[in-house]
Amino acid sequence: MHLNITVLEGDGIGPEVIAQSIKCLRSVEETFGHSFSFKKALIGATALKQMGSPLPDETLALCKSSHAILFGALGSPEFDSDPEAEMWPEQGLLKLRKELGLFANIRPVKVFPALVRQSPLDRNLVKNTDLVIYRELSAGIYYGAKTKDAENNAATDTCSYNEKEIGRIAHLAFKAAKKRRKKLTLVDKANVLETSRLWRRVVLQIARSYPEVQLECMFVDNAAVQMILNPGQFDVILTDNMFGDILSDQGSVIAGSIGLLPSASIGTDYAMFEPIHGSYPEAKDKNIANPVASILSVAMLLEHFGLKQESVAVVAAVLKSFSKKIVTPDIMGSSKYGTNYVGDFIADNIIELNDDFNINDKNIDLGKSTII
Ligand code: IPM
Ligand code: MG
């Protein structure tokens with residue numbers, strides 16, 4: 001298969017983690033006989049400083065001409081601390097999502113057996129965590145009308161949704177639940193927000209087409225508690241833009257490090273793959289950033305294009321790095337391995353697996369897997 005991939009490294013640790021993902025894709029290319037071409041473009045603070053816009057037209061055009069986008073991270077403290085700024089890096093990402101119609105942000109949260117001790121939560125509570133958040137990504141309070149009234153020191157952000165915006169992601173989430181453990185939790189604030197009440201109406205209606213999926217509705221404040229108390233109860237979580245942003249960061253605590261969680265942002269015409277973590281400017285160029293979230297995003301990219309075997313091979317190589325303790329210091333404080341070494345190890349261990357290989361990290365953990 002040939003894929004043109006636009007690479008948006010972004011800011012902070014973005015370039016370092018993306019470099020490891022590209023190594024992995026090169027390894028997949030070699031091992032499985034595919035051809036991937038990469039073109040880089042600027043976004044975020046880097047673009048804003050060099051080109052005067054957080055999403056230059058050239059970047060958008062390149063994204064639109066490619067099969068997939070690999071995104072690093074974005075954001076810079078110099079902009080965070082300036083509430084008077086007219087333009088800031090995050091606007092670039094929001095515009096990109098909107099322009100590409102990326103309405104579904106899929107964020108899996110999984111606790112890997114080899115890393116279960118990394119979680120600050122009780123291991124017996126978190127060990128069965130295997131959930132996926134379907135976060136609506138192109139509407140809601142992120143995109144509703146905004147006002148700024150400097151004179152009166154007042155401002156508004158409007159949360160707005162319509163049936164179509166809710167329905168298209170709801171169908172994706174139900175379809176995912178059907179293939180998984182057949183449970184879908186709609187997370188909202190329907191006891192307060194009109195938009196949440198609309199979500200409930202639309203989702204309850206759609207649920208009728210998926211009788212095999214058990215639907216439950218949960219208020220977001222309770223969901224935040226339940227995710228920490230008993231994350232194993234969740235299978236697919238469906239939620240709006242803002243709640244999904246917050247709950248997915250919380251999910252990373254369950255998994256043990258925010259450097260582990262990948263994501264896919266999907267629309268009708270385009271798809272983008274990115275770690276859920278931010279630009280972590282404190283770690284920039286220190287060779288300590290965890291590349292796993294970005295590499296697992298590559299696995300999601302491969303799966304999206306039907307390259308299942310390739311995707312499994314990438315995940316297996318990541319699991320092998322865990323079991324061999326080839327991890328960055330966020331996972332094991334005493335680790336002497338840096339971003340590059342971990343990236344090399346994972347890329348070098350992407351190999352063709354037996355057809356009957358069961359991607360069961362317990363096997364790898366126990367050294368029973370054929371690839372160890
Ligand atoms: C994320 C990030 C972004 C978001 C920021 C960088 C705009 O936090 O992808 O979760 O809020 O969507
Ligand atoms: Mg976020």
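Between which two strands is the loop where Asn153 is found?

Modeller: Asn153 is found in the loop between β6 (146-149) and β7 (154-157). Before we dig in, some ground rules: this is a predicted model, where local features need pLDDT of at least 70, side-chain atom pairs count only at pLDDT 80 or more, and totals for chains, interfaces and linings use all residues. Residues are numbered from 1 along each chain as its sequence is written, chains are lettered from A and ligands numbered from 1 in the order in which they are written, and side-chain values use heavy atoms, leaving out hydrogens and water.

Asn153 counts as exposed because its relative accessibility is 74%. You'll find Asp285 in the loop between β12 (271-275) and α11, and at 61% relative accessibility it counts as exposed.

Now follow β12 into the sheet. This is an open sheet of 10 strands with mixed pairing, in the order β2-β1-β3-β12-β11-β4-β5-β10-β8-β9. (Two strands pair if DSSP finds at least two bridges between them.) At the edges stand β2 (35-40) and β9 (214-219), each with a single partner strand, so one side of each has no neighbour in the sheet. From one strand to the next, the twist averages 25°. (Axes are lines fitted to C-alpha atoms, for helices over the stretch in contact, and angles run from 0 to 180 degrees between N-to-C directions.)

β1 (residues 2-10) pairs with β2 in the parallel sense over six bridges, and Leu3 has Phe36 as its bridge partner in β2. Helix α3 (residues 57-64) packs on the sheet here, touching β1, β2 and β3 (68-73), with its direction at about 150° to that of β1. (Contact means heavy atoms within 4.5 Å.)

Hop over to β10 (236-239), which helix α7 lies across. β10 pairs in the parallel sense with β5 over four bridges, and with β8 in the parallel sense, over four bridges as well. For example, Val132 has Val236 as its bridge partner in β10, while Val187 has Thr239. Val236 and Leu238 point one way from β10, Ile237 and Thr239 point the other way, and all are buried.

What lies across this part? Helix α7 (residues 163-179) covers β4 (104-110), β5 (130-136), β8 (183-188), β9 and β10, running at about 165° to β5. Ala173 lies in α7 and counts as buried, because its relative accessibility is 0%. Leaving aside residues up to four places away in sequence, Ala173 touches Tyr134, Leu184, Val236 and Leu238. By contrast, Ala173 and Ala289 are 31 Å apart in space, C-alpha to C-alpha, and 116 residues apart in sequence.

Helices pack on one another too. In helix α13 (residues 339-348), Thr339, Val342, Gly343, Phe345, Ile346 and Ala347 are buried. The buried residues of α13 pack against α1 (14-32), α11 (292-304) and α12 (308-323).

Time to zoom out. The chain has 14 helices and 12 strands. Its radius of gyration is 20 Å, close to the 21 Å that the globule rule gives for 372 residues, so the chain is as compact as a globular protein of that length. (That radius is taken over C-alpha atoms, and the rule is 2.2 Å times the number of residues to the power 0.38.) Buried residues make up 55% of the 372. Among contacts between residues at least 6 apart in sequence, 74% join residues at least 24 apart.

How confident is the predictor? The chain averages a pLDDT of 94, and 95% of the residues score at least 70. (pLDDT is the predictor's confidence in each residue, from 0 to 100.) Over residues 361-372, though, the pLDDT is below 50, and beyond near neighbours in sequence this stretch has 30 contacts in the model.

Methods. Buried < 20%, exposed > 50% of the residue type's maximum accessible area, 1.4 Å probe, protein only.
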